[in-house]
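Thanks for coming. I will take one structure today and go through it piece by piece. Please have a look at it first.

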Amino acid sequence: MSQEIPIENLSQGLSAEEVKRYSRHLSLSEVGPEGQQKLKKSKVLIIGAGGLGCPVGLYLAAAGVGQLGVVDHDVVEISNLQRQIGHSEKNLGLRKTESLAETITNINSKLRVELISEKLQHINALQIVQKYDVIVDCSDNFPTRYLVNDAAFFANKPLVSASVHKFQGQLAVFWPKSKGGCYRCLYPTTLPESMAPT
Amino acid sequence: MGLLQSTEVLKLILGTGSEMVGQLLLYDALEVDFRKIHVPHETTCQLCGLNPTIKAWSDAGKVPVIEEVGSDKRENNADQVSAQWLREALQNGKQIRLIDVRESHEWDICRLKGAEHHPVSKIQTENFSKDFGEIIVFYCHRGLRSQRTLRFFQELGYENCRSLIGGIDAWAEAIEPEMPRY
């Protein structure tokens, strides 16, 4: 591997409760207590709290990631509920960030969540991205995808990008300063009538 | 897809393998088909290539939209051919030289039968004849790069060139639905 994520301060141990809770992780040689502590110390930024961002948030919360940032400026609508499994009927009309944060902290109350309920733009993107270890692009539009790609590149953060269109899905991990290309290598140009539903 | 995404996040944090870094996974739920392709550094990339135009954060975040040629205009242009036209022409045995101007990783995903691969970054005009006995049809992903290539050739006096409207994506949609799309 050409590059590793620098996660500091692994000295702090796991509590008895955590040992019990993450026992299935601790018994895996690829995770173990040290890996579990890495997860606990890690900060992951999820961009978009929709069809992709919901499962990502739920799984990372359950796995014991210490801090999640959730970016979304939309509110929960009834048509979201068929696939956006982090939202529920009682949260209709609520901000998606707040709704997802509620669901994931119900799973894991130790989790720290930063809610960013504003639109990701050039003015705030790099600053937000810099605070996290891994960036997860769960967005549904091209302007955000290019912006996130560029921010991850300049901050030298790995970017885990996925998209879904009808019955087809794509997943890519971009970390050009480590290995391979970036989103712009894959999509150097785009059409104006951008189609990128989640 | 969200599940696969979370797994990659955990692997990155744990440092248990960077197999997906620089790779693209394509999943087709109906066909239950997974395929993985390499996404290399493109030397021409505006961000991470050899001569980037996005050199600092102040240049970043712009969507590289190619100005669209109105679809009506495209349909009426004799040098723009539809997937339907291309299929019929090929079936009728018309002398056609099919040129794929996409990059290598795109060529690996899907290609038209009988096509030659000449990425737009490397295409050499001396390999092409201006003879009308053969029609050169350029295609790319969605028809924009092939159109630029077409204009370039036309300026050099090639009048036997065409560009496939909507690229291989339009072909996949209209003619060959089993073809992987990206």
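I start in chain B, where S6(B), helix H5 (residues 145–155) and S7(B) make a right-handed β-α-β unit. Right-handed means that, with the strands pointing away from the viewer, the path from the first strand over the helix to the second runs clockwise.

Before going on, a word on the source. This is a predicted model, in which local features need pLDDT of at least 70 and side-chain atom pairs count only at pLDDT 80 or more, while totals for chains, interfaces and linings use all residues. Residues are numbered from 1 along each chain as its sequence is written, and chains are lettered from A and ligands numbered from 1 in the order in which they are written.

Back to the two strands of that unit. Strand S6 (residues 135–139) of chain B runs parallel to S7(B), joined by three bridges; strands count as paired if DSSP finds at least two bridges between them. B:Val137 stands opposite B:Arg162 of S7(B). S7(B) also runs parallel to strand S3 (residues 80–81) of chain B, with two bridges, and there B:Val81 has B:Leu164 as its bridge partner.

Which way do the residues of strand S7 (residues 161–164) of chain B point? B:Cys161 and B:Ser163 point one way, B:Arg162 and B:Leu164 the other, and all are buried. Buried means 20 or more other C-beta atoms within 10 Å of the residue's own, with C-beta atoms placed from the backbone. In a regular strand, side chains alternate between the two faces of the sheet.

Now chain B as a whole. It has six helices and seven strands. Of its 182 residues, 34% count as buried. Its C-alpha trace spans about 60 × 40 × 30 Å along the principal axes.

Last, the two chains together. How many residues of chain A are in contact with chain B? The count is 56, against 48 residues of chain B, where contact means C-beta atoms, placed from the backbone, within 7 Å. H7(A) gives the largest share of chain A's side, seven residues. The chains also share strand pairing: S6(A) and strand S1 (residues 23–28) of chain B are antiparallel over five bridges. Within that pairing, A:Gln168 has B:Asp28 as its bridge partner.

Note on methods: Contact = placed C-beta atoms within 7 Å. Helix = DSSP H or I, 4+ residues; strand = E, 2+ residues; numbered from the N terminus. Buried ≥ 20, exposed ≤ 12 C-beta atoms within 10 Å, placed from the backbone.
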